[in-house]
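Please read the following points with the model open beside you, and take them in order.

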Amino acid sequence: MLFSNPPLVVICRGSPPRLFYASLSARHSSKAGYSIFGGAVVILSANPAITLTPMQRRSTRDFHQLGKPILFILGLLPLAALFWLNLGANPVETMTHHTGTWGLRFLLLTLTVTPLRRLSGWNWLLRYRRMLGLFAFFYALLHFATYLVFDQFFDPAAIARDVLKRPYITVGFLAFVLLIPLAATSTNAMIRRLGARRWQRLHRLVYAIGLLVILHYFWLVKADLSRPLVYAAVLALLLGYRLWFYYRHKLSICSAVIGSTDK
Ligand code: HEM
C-alpha cells in the first residue's frame, strides 16, 4: 500500500503545510489515500488517533492556545538568564558563548520537530516549529550583535578582515547570512508569495546551516571537543533520520508503482 503508515500531511496550494483533522467517513471515501478539501490536498493517515471527538478537539484547541505563549516565555528564558547570571570576569566572552550555544540549541530543536512528529504522530508539533526557528535566528542575531558591538566595535573593515582571515568566523558568518532569508520568509504572507514548493526548497537551507554551525563550533574549540561532538551527534541523528525516511518512502513509492503496473 502506498501510504501504509504515514503521518497526516496537509499541503495547501500557496500556503505552508497545515494540520487538519479528517473524519473517518472522509478517510474511507478516499480510494487513493488522499482527499481534496477546498483546494487542499489531504494525504490521509492510517493512524486512528487523528479522529477526535468535538470535546477532545476543544481541549486540544485550548492546549494549543496556551502552547505558543508558554513556548514564547520559555524561549526568552536564556536571554533573561544573561541578566541574572554572573557573567564572570569576561562578560563579552560569556555572552558570545551563551547566545551562540542557544542559537545552536534552538536550531537543533527546530530540526527535531519533523522526526518527532513522524515517529510519534503528534502533528500539532508543527505549530511550534516556526517559533523555534525564529528563536534560533534571534539568538544567532544576539550572538552576532555581541561580536559586532563588543568585539569589533562596529568596524566593518575589521569584520571583513576577520571573516576572511579566521575560518571559524567565515563559516559562522555564512551560517548567519543564510539564516536571514529563512527568518524573513517565515510569515504566512511570504509563504503564499513564494509558493509552498519554492518556500520548502529555500528552507532546506537549514540543513546546510546546521552543518556550518557545527563546523564553526569544531573550528573554534581548541582542546576539548566533547561539546561540539555531542551537538554534531544530535545533528547527524536528525539529518540521518531524514535521509533514511526519504529513501524508505522513495523505495515504497517505487515498489507500489511497480506493483500497480504488474497487475
Ligand atoms: C556572524 C556570524 C558569527 C560570528 C562572527 C560568530 C563568532 C563567534 C565567536 C567569536 C565565538 C567565540 C569563540 C571563542 O570563544 O574563541 C563563537 C562561538 C560560538 N558560536 Fe558563533 N559566530 C557566528 C555565527 C554563529 C551562529 C549562526 C551560530 C548558531 C546558530 C553560532 C554558534 C556558536 C557556538 C555554539 C559557539 C560556541 C559556544 C561555546 O563555546 O560555548 N555562531 N562564535
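1. A residue is called buried here if 20 or more other C-beta atoms lie within 10 Å of its own, exposed if 12 or fewer do, and partly exposed in between. By that rule, buried residues make up 20% of the 263 residues in the protein. Please keep in mind throughout that this is a predicted model.

2. As for the overall make-up, the protein has 10 helices and 3 strands, and their order along the sequence follows the pattern β-α-β-β-α-α-α-α-α-α-α-α-α. If we consider contacts between residues at least 6 apart in sequence, 65% of them join residues that are at least 24 apart.

3. The packing of helix α2 (residues 54-84) with helix α4 (residues 129-151) can be taken next, where the axes come within 11 Å and cross at roughly 20°. Angles under 35 degrees count as roughly parallel, and α2 and α4 are therefore roughly parallel to each other. The crossing in which α2 passes α4 is right-handed. On the α2 side the contact is made by Lys 68, Leu 71, Phe 72, Gly 75 and Pro 78, which meet Met 131, Phe 135 and Tyr 139 in α4. Sorted by class, this contact has 6 nonpolar, 1 polar and 1 charged residues.

4. Which residues of α4 and α6 meet each other? From α4 come Gly 133, Leu 134, Phe 137, Ala 140 and Phe 144, and from α6 come Phe 176, Leu 179, Leu 182 and Ala 183. In terms of class, the contact of α4 with α6 has 8 nonpolar, 1 polar and no charged residues. The axes of these two helices are 10 Å apart and the packing angle is about 140°, and α4 and α6 are therefore oblique to each other. Their crossing is left-handed.

5. Helix α6 (167-184) also packs against helix α9 (205-220), with an angle of about 155° and axes 8 Å apart. Because angles over 145 degrees count as roughly antiparallel, α6 is described as roughly antiparallel to α9. The crossing of α6 and α9 is left-handed. Among the α6 residues in this contact are Pro 167, Tyr 168, Val 171 and Gly 172, while the α9 residues include Leu 205, Ile 209, His 216, Trp 219 and Leu 220. By class, the contact of α6 with α9 has 17 nonpolar, 2 polar and no charged residues.

6. Is Leu 220 buried or exposed, or does it fall in between? With 17 C-beta neighbours inside 10 Å, Leu 220 counts as partly exposed. Leu 220 and Tyr 168 are 52 residues apart in sequence, yet their C-alpha atoms are 5.9 Å apart in space.

7. Ala 145, found in helix α4, is exposed because 12 other C-beta atoms lie within 10 Å. Its C-alpha atom is 9.9 Å from that of Thr 99, although Ala 145 and Thr 99 are 46 residues apart in sequence. Ala 160, for its part, sits in helix α5 (residues 156-165), and with 12 C-beta neighbours inside 10 Å this residue counts as exposed. Ala 160 and Thr 170 are 10 residues apart along the chain, and their C-alpha atoms are separated by 9.5 Å.

8. Finally, how many residues surround the ligand? There are 21 of them, and the closest are His 97, Gly 100, Gly 103, Ala 140 and Gly 172. Helices α3 (91-120), α4, α6 and α9 each supply at least two residues of this shell, and the largest share, 7 residues, comes from α3. By class, the shell around the ligand has 13 nonpolar, 8 polar and no charged residues.

Definitions and conventions
Residues are numbered from 1 along each chain as its sequence is written. This is a predicted model: local features need pLDDT of at least 70, side-chain atom pairs count only at pLDDT 80 or more; totals for chains, interfaces and linings use all residues. Axes are lines fitted to C-alpha atoms, for helices over the stretch in contact, and angles run from 0 to 180 degrees between N-to-C directions. Helices (H or I, at least four residues) and strands (E, at least two) are DSSP runs, numbered from the N terminus. Angles under 35 degrees count as roughly parallel, over 145 as roughly antiparallel, 65 to 115 as roughly perpendicular and the rest as oblique. A crossing is left-handed if the near helix is turned anticlockwise from the far one by less than a right angle, and right-handed if clockwise. Two residues are in contact if their C-beta atoms, placed from the backbone, lie within 7 Å. Ala, Val, Leu, Ile, Met, Phe, Trp, Tyr, Cys and Pro count as nonpolar, Asp, Glu, Lys and Arg as charged, and the others, Gly among them, as polar. A residue is near a molecule or strand if its C-beta atom, placed from the backbone, lies within 6 Å of it.
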